[in-house]
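Have the sequence and the 3D view open as you read.

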Amino acid sequence: PIRTEAGHELRRYFIPRDRDHVLIDADYSQIELRLLAHIAGDETMINAFLSGEDIHASTASAVFGVPLSEVTPELRKRAKAVNFGIVYGIGDFSLAGDLGIPVKQARAYIESYLASYPDVAAYLKDIVAEAHANGYVTTLFGRRRYIPEISGHNAMQRKFGERVAMNSPIQGSAADIVKL
């Protein structure tokens with residue numbers, strides 16, 4: 001991490017072996033969110049990416065009901081937590097803890113997000129149903145992630161399996177792309 005003192009310190013330990021070599025750092029900008037937009041087929045999210053919008057600011061505008069020009073750094077930060085939280089199947093309790101807000105407010109954020117991105121909401125519902133039916137989900141490249149927890153006897157175990165089902169096609173496809 002570049003924004004912390006520890007991050008700066010750690011970076012000092014990564015050096016090329018000699019003057020003829022360099023180190024390169026590459027980042028697929030918001031790859032999971034881009035894959036979510038593609039997999040879900042959510043036109044609102046796709047259009048935000050295609051037009052070069054800051055996806056977190058765009059989400060803040062939609063979720064918090066403010067014009068894009070009025071999105072503050074704090075609102076963007078909250079929207080970023082919601083964006084990535086949705087990818088990981090976050091619940092209202094966990095989001096509330098992450099943002100330091102009441103659970104009721106976190107629930108409202110998630111509901112507003114899913115209303116703003118209806119195809120994402122449909123995808124999440126459908127992929128969980130698919131996991132319940134098949135016992136696994138697949139990446140865009142056909143790699144399977146078996147989820148035995150999805151049919152567990154314990155409700156917490158099943159909820160974990162559902163979060164894995166939501167996340168695995170996205171994160172797994174991102175891993176497939178990076179490997180390629």
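## Reading the model, step by step

The protein has an average pLDDT of 92, and 99% of the residues score at least 70. pLDDT is the predictor's confidence in each residue, from 0 to 100.

Q: What kind of model is this, and how are residues numbered?
A: This is a predicted model, in which local features need pLDDT of at least 70, side-chain atom pairs count only at pLDDT 80 or more, and totals for chains, interfaces and linings use all residues. Residues are numbered from 1 along each chain as its sequence is written, and side-chain values use heavy atoms, with hydrogens and water left out.

Q: How many helices and strands does the protein have?
A: Helices (H or I, at least four residues) and strands (E, at least two) are DSSP runs, numbered from the N terminus. The protein has nine helices and two strands, and from the N terminus their order is α-α-α-α-α-α-α-α-β-β-α. The C-alpha trace spans about 55 × 40 × 30 Å along its principal axes.

Q: How do I read the packing of H7 and H8?
A: Axes are lines fitted to C-alpha atoms, for helices over the stretch in contact, and angles run from 0 to 180 degrees between N-to-C directions. Angles under 35 degrees count as roughly parallel, over 145 as roughly antiparallel, 65 to 115 as roughly perpendicular and the rest as oblique. Helix H7 (residues 103-116) and helix H8 (residues 118-134) pack at about 105°, with their axes 4 Å apart, and are therefore roughly perpendicular to each other.

Q: Which residues of H7 and H8 meet?
A: Contact means heavy atoms within 4.5 Å. From H7 come Tyr113, Leu114, Ala115 and Ser116, and from H8 come Pro118, Val120, Ala121 and Leu124. By class, this contact has seven nonpolar, one polar and no charged residues. For these classes, Ala, Val, Leu, Ile, Met, Phe, Trp, Tyr, Cys and Pro count as nonpolar, Asp, Glu, Lys and Arg as charged, and the others, Gly among them, as polar.

Q: What is the angle between H4 and H7?
A: H4 and H7 pack at about 105°, with their axes 8 Å apart, which makes H4 roughly perpendicular to H7. Thr59, Ala62, Val63 and Phe64 of H4 make the contact with Tyr109, Ser112, Tyr113 and Ser116 of H7. Those residues divide into five nonpolar, three polar and no charged.

Q: And how do H8 and H9 pack?
A: Their angle is about 110°, with the axes 9 Å apart, and that makes H8 roughly perpendicular to H9. Tyr123, Leu124, Ile127, Val128, Ala131 and His132 in H8 meet Glu162, Ala165, Met166, Pro169 and Ile170 in H9. The classes here are nine nonpolar, one polar and one charged.

Q: Which residues have the most contacts inside the largest nonpolar core?
A: A nonpolar core is a set of buried Ala, Val, Leu, Ile, Met, Phe, Trp, Tyr and Cys residues joined through side-chain atoms within 4.5 Å. The largest has 44 residues, and those with the most contacts inside it are Leu36, Met45, Leu95, Tyr113 and Val120. Elements giving two or more residues to this core include helix H2 (31-40), helix H5 (73-87) and helix H6 (92-99). Leaving aside neighbours within four places in sequence, Leu95 is in contact with Ala81, Val82, Ile90, Ala106, Tyr109 and Ile110.

Q: Is Ser168 buried or exposed?
A: Buried means under 20% relative accessible area, exposed over 50%, and partly exposed in between (1.4 Å probe, protein chains only). Ser168, in helix H9 (residues 155-179), has 12% relative accessibility and so counts as buried. Of the 180 residues of the protein, 37% count as buried.

Q: Where is Gln30, and what is its phi?
A: Most residues other than glycine have a negative phi. Gln30, in the loop between H1 and H2, has a phi near 50°, a positive value. Gln30 is partly exposed, with a relative accessible area of 22%.
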